[in-house]
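The following paragraphs lead the reader through one protein model, from its overall composition to individual side-chain pairs. Please keep the sequence and the coordinates in view while reading.

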Amino acid sequence: MPPGMTNFFRGFYYMKSADFPGNQNLPPLHPVHTAKEAAEQYAQIPEYYVMRRGMSMPATIAAAMPDAAYIKNCKWLTEAECEVYGQEYTRSGWTGALWNYRVRRRAFRPGIAEQQTFAGRTIDVPAQVIAAREDWGANRTIGGPMNIGKTGFTQFKGVHMVERAGHWAHEEQPEKVSELLTAFLREGG
């Protein structure tokens, strides 16, 4: 991969998109009872979640970089958009972007009062989930996104799976996501 943050973003977005060959027909994870079952299940997860030993994230992305024809013809993430991401992350660094993941990991540590503020509470406004069919992020929980909303909501309106979209559903299929959001709002969301 040519050096630079812009190229990193191109490869990263590609690897998590529906266009990446390893992201089709994703089965949701299921409960496991042995270490062997866990290893078999986690072996399905693509390398951008679990990288090979000795490979950094940039090396993993470089190995999966799309070809020049794909880059030129990609309508959902243009070169100009990649340039903006690359420039901003070069300028600001990764701390802000990674903070969400750091906070989530802390949620499992006891004694952090602000994380307990909403424990046992429900979401009492209309809510729905829009998830992408080819997104490992949506499918890596037990039962997949279809289990969302079974608890914790009093006015849950359902899960909508966007076809031909990976992690970036709002960018890969903006018309469909807008249609789902507009319908939700019209129906009293």
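Does R164 count as buried, partly exposed or exposed, and at what relative accessibility? The model is a predicted one, in which local features need pLDDT of at least 70, side-chain atom pairs count only at pLDDT 80 or more, and totals for chains, interfaces and linings use all residues. Residues are numbered from 1 along each chain as its sequence is written, and side-chain values use heavy atoms, with hydrogens and water left out.

R164 counts as exposed because its relative accessibility is 59%; the classes are buried for under 20% relative accessible area, exposed for over 50%, and partly exposed in between, with a 1.4 Å probe and protein chains only. The residue R164 lies in the loop that runs between β2 (156-162) and α9 (169-172). Its backbone also deserves attention: the phi of R164 is near 55 degrees, a positive value in a residue other than glycine. Most residues other than glycine have a negative phi.

The overall architecture comprises ten helices and two strands. Helices (H or I, at least four residues) and strands (E, at least two) are DSSP runs, numbered from the N terminus. Along the sequence the elements follow the pattern α-α-α-α-α-α-α-β-α-β-α-α. Helix α5, covering residues 79-92, has 14 residues and reaches 20 Å from its first C-alpha to its last, which is close to the 20 Å expected at 1.5 Å a residue; the expected span is 1.5 Å times one less than the number of residues.

Of the 189 residues in the protein, 32% are buried. Among contacts (heavy atoms within 4.5 Å) with a separation of 6 or more, 72% are accounted for by residues 24 or more positions apart.

The interior can be approached through its nonpolar cores. Such a core is a set of buried Ala, Val, Leu, Ile, Met, Phe, Trp, Tyr and Cys residues joined through side-chain atoms within 4.5 Å. In soluble globular proteins, nonpolar side chains tend to be buried together. The largest core here has 20 residues, of which F12, Y13, M15, Y70, W76 and L77 touch the most other members. The elements giving two or more residues to this core are α1 (5-15) and α4 (68-73), and α1 supplies the largest share, six residues. Leaving aside residues up to four places away in sequence, L77 touches R10, Y13, C82, Y85 and E171. A second, separate core of six residues includes V162, A169, V177 and L180.

The structure holds 13 aromatic pairs, where rings of Phe, Tyr and Trp (its six-membered ring) pair if their centres lie within 6.5 Å, with planes under 30 degrees apart counted as stacked, over 60 as edge-to-face and the rest as tilted. The pair of Y14 and F20 is edge-to-face because the ring centres are 5.5 Å apart and the planes stand at 90 degrees; both Y14 and F20 are buried. Elsewhere, ring pairs link F8, F9, F12, Y13, W76, Y85, Y89 and W168 into a cluster.

Charged pairs complete the picture. The count of salt bridges is five, a salt bridge being a side-chain nitrogen of Lys or Arg within 4 Å of a carboxyl oxygen of Asp or Glu. One of them joins E79 to R10, with the closest N and O atoms 3.1 Å apart. This pair links distant parts of the chain, since E79 is in helix α5 and R10 in helix α1, 69 residues apart. R10 counts as buried, at 2% relative accessibility, whereas E79 counts as partly exposed, at 35%.

Another salt bridge joins K36 to E40, with the closest N and O atoms 3.2 Å apart. Because K36 and E40 are four residues apart in helix α2 (residues 35-42), about one helical turn separates them. K36 is exposed, with a relative accessible area of 60%, and E40 is partly exposed, with 46%. In helix α10 (residues 174-186), K176 and E179 lie three residues apart, about one turn of the helix, and their side chains meet in a salt bridge at 3.1 Å, N to O.
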